[in-house]
Amino acid sequence: MEQYELIVIGSGPSGRRAAVQAAKWNKRVLVIEKSPAIGGVSVHTGTLPSKTLRETVLNLSGWRERTFYGRSYRVKDNITAADLLERLHMTLEHEVENLEHQFVRNKVDWAHGLAHFIDPNTLEIVDDAGESTRVRGDKILIATGTQPHRPDYIPFDGETIIDSDEIIELKNLPRSLAVIGAGVIGIEYATIFSALDVTVTVIEPRDTMLDFIDREIIAEFTHLLRLQNVTFRFGQGVEKIEKTVGGGSIIHLENKRIVKADMVLFSAGRMGATDKLGLDKAGVPTDHRQRIKVNEHFQTEVPHIYAAGDVIGFPSLASTSMEQGRIVACHAFDQDAYDAPEYFPYGVYSVPEISTVGMSEEEVQQRGIPYECGVCHFRETARGQIMGLSSGMMKMIFSLKTRRLLGVHIVGEGATELIHIGQAVLNLKGTLEYFVENTFNYPTLAEAYKVAALDAWNRMPH
């Protein structure tokens, strides 16, 4: 039986980061991946596919140029599902090739198959042909990610009623789409299809969406989506879904309203992908969503077994998962691990994008911190006019007492790129004066930082 110093189950962001980090210390590492290609959910069904699909839609639809050329403007008139998937497959093949080369370069072994525990140190790997192999590990990292929640009352068929993993295998574009669940994934896909002029209805049992984001940003975002012909049904759960004879579905809501749609995307939560791991034989418990609880070092209740990435829950970001994987490798092999910065950016790759770092206005109020806000609308900047941006805004929050930056919140084009300036200043404990006194390239959207800071400065006592 092969013996490894670290065995990683799953090759997503946290798994591969831990594997490569350990390999750089000349540890013998094995990565087990159930899919034929490495990369995990992040590469094959989640992060990269959805973001590639978004970019393809914005390019082919001419969405970014419609302010100048009108709503009927298209780069390609008849956009098909095949058009969207062509670029997707090219991007994913390139990423998988890069990851495989990274494993080879760092001498990381990897095996294709489904792994399950025999005991706390032993794993059995079963490949597609049913052949099994057993391996032992001194340290084990569970980095299996998540899978869509698929309740029994939803009649999934893989074509007209689908989950968020199946949406990247579309054969035809629908004329209308109902999205059940207004979380990050649901909102991203709702807005991507809306940019293709698909009629979209979002159904959400709660009265709000994306509660971790500043409410003023969400108010602006909601207004923009309604202008894009997205309809919201908040505070309304789904009672049942009926397939119609001519194709499509009728969704019956609890308040007796109905929603008709050619296609239904169910995106109401994800579950930890741990059901086939045999965690009971390893002594590792899970919660009601099959996620694993860990300590600050990402250790489970069994000290030599770690868990990282989406399988442990919030924040479930590829960026933070990578850092978790690094910390796991450092702790497992007694290496010094620098702490991750206090504030990390959160990005929602919707149309338009949302990105945020630091405290929201609601959090600042809850903590009783005296504060002031500054706002810049992108249309106020020269670059915004050049790009034809009629919407988009940046909101900055500053402490009245220390003048330190407390949070940055952006909705609009380039939000996920712009946020990093705010992230750097926030983690370096910078103040309002940095933005007011600094020089930004002109014309750029980054100039919004100076405009928003001056807006706050004009409101603050001097």
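## Basis of the model

Because the model is predicted, local features need pLDDT of at least 70 and side-chain atom pairs count only at pLDDT 80 or more, while totals for chains, interfaces and linings use all residues. Residues are numbered from 1 along each chain as its sequence is written, and side-chain values use heavy atoms, with hydrogens and water left out.

## The parallel sheet

An open sheet with parallel pairing is built from 5 strands in the order 8-15-9-10-11; strands (E, at least two residues) and helices (H or I, at least four) are DSSP runs numbered from the N terminus, and two strands pair if DSSP finds at least two bridges between them. Strand 8 (161–163) and strand 11 (230–234) are the edge strands, each pairing on one side only, and the twist from one strand to the next averages 20°.

Within this sheet, strand 9 (residues 176–180) and strand 10 (residues 199–204) pair in the parallel sense over 5 bridges, with Thr201 of strand 10 as the bridge partner of Ala178. Helix 6 (residues 184–195) packs on the sheet and touches strand 9, strand 10, strand 11 and strand 15 (263–266), where contact means heavy atoms within 4.5 Å. The direction of helix 6 makes about 165° with that of strand 10; axes are lines fitted to C-alpha atoms, for helices over the stretch in contact, and angles run from 0 to 180 degrees between N-to-C directions.

Another open sheet of 5 strands has antiparallel pairing and the order 18-19-22-21-20. Strand 18 and strand 20 (371–377) stand at its edges, each with a single partner strand, so one side of each has no neighbour in the sheet. With direction ignored, neighbouring strands of this sheet are turned by 10° against each other on average.

Strand 20 and strand 21 (residues 393–399) run antiparallel and are joined by 7 bridges, and Cys373 stands opposite Ile397 in strand 21. Helix 14 (residues 448–459) lies across strand 20, strand 21 and strand 22 (405–411), running at about 140° to strand 20.

The structure holds 28 salt bridges, each being a side-chain nitrogen of Lys or Arg within 4 Å of a carboxyl oxygen of Asp or Glu. One of them joins the side chains of Arg54 and Glu353 (3.6 Å, N to O). This pair links distant parts of the chain, 299 residues apart, with Arg54 in helix 3 (residues 47–61) and Glu353 in the loop between strand 18 (346–348) and strand 19 (354–358).

## Cavity and pocket

On a 1 Å grid over the protein atoms alone, a cavity is a set of points where a 1.4 Å probe fits but cannot get out, and a pocket is an open set with protein on both sides within 12 Å along at least five of seven lines; lining residues have an atom within 4 Å of a point. The structure holds 1 cavity of 30 Å³ or more, and the largest cavity has a volume of about 50 Å³. Leu53, Ala81, Leu84, Leu85, Ile167, Ile168 and Leu170 line the largest cavity, and helix 5 (residues 81–105) gives the most to this lining, with 3 residues.

The second largest pocket holds about 680 Å³ of space and is lined by 25 residues, of which Trp63, Thr67, Gln228, Ser390 and Ser391 lie nearest its centre. Helix 7 gives the most to the lining of this pocket, with 3 residues.

Conventions. Grid points are joined across faces, edges and corners, and a volume is the space filled by probe spheres set on the points.
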